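Please consult the sequence and the structure below.

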Amino acid sequence: MEKLYTASVTAIGGRDGHIKSSDGMLDLALRKPKELEGQGGATNPEQLFAAAWGACYLGALGSVAAHDGIDITDAHVNVQVSFNKDGNGFALSADLDVHIPGLAHDEAQQLADKAHKTCPYSKATRGNIEVRVTAV
């Protein structure tokens, strides 16, 4: 594998802490959400993961769409990352709702599934967390 880019972020204090990237572009407080008995008022790891996955997924969607000659200029994805309790402690799950205006539902679902197969974040989570990808 050839590394093309490496992001470097330092995290301090866990879910009630702070994160900062080596280039200073990311510099955020973290707080547990109120739903997890936290104080809220700042971002959390699940929001950051959902944001990163959504951006990466749209890149993959654009790539597979271009290969198929499909314009997805107005496409967007809503990513919900959930923090869940399971029999072994805690686990994540995710729902990706993919909006591709102008495509029939079946064609949009096929394109959404292709993007899910190629997206690096989707690959990283495959077999590790429950993920649902739905064209809406």
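The points below cover the basis of the model, the domains, their interface and the cysteines.

This is a predicted model, in which local features need pLDDT of at least 70 and side-chain atom pairs count only at pLDDT 80 or more, while totals for chains, interfaces and linings use all residues. Residues are numbered from 1 along each chain as its sequence is written, and side-chain values use heavy atoms, with hydrogens and water left out.

**Domains**
- The protein chain is assigned domain 1 (1-43) and domain 2 (45-135), with bounds from an automatic or database domain assignment.
- The centres of domain 1 and domain 2, taken over C-alpha atoms, lie 22 Å apart.

**Interface**
- Contact (heavy atoms within 4.5 Å) links seven residues of domain 1 with five residues of domain 2.
- About 540 Å² is buried between domain 1 and domain 2, 62% of it on carbon and sulfur atoms; buried area is the accessible area (1.4 Å probe) that two parts lose on being put together, summed over both.
- On the side of domain 1, R15, L36 and T43 lose the most area to domain 2, together 74% of what that side buries.
- One salt bridge (a side-chain nitrogen of Lys or Arg within 4 Å of a carboxyl oxygen of Asp or Glu) is found across the interface of domain 1 and domain 2.
- R15 and E46 form a salt bridge through their side chains, at 2.5 Å from N to O.

**Cysteines**
- The count of disulfides (pairs of cysteine sulfur atoms within 2.5 Å) is zero.
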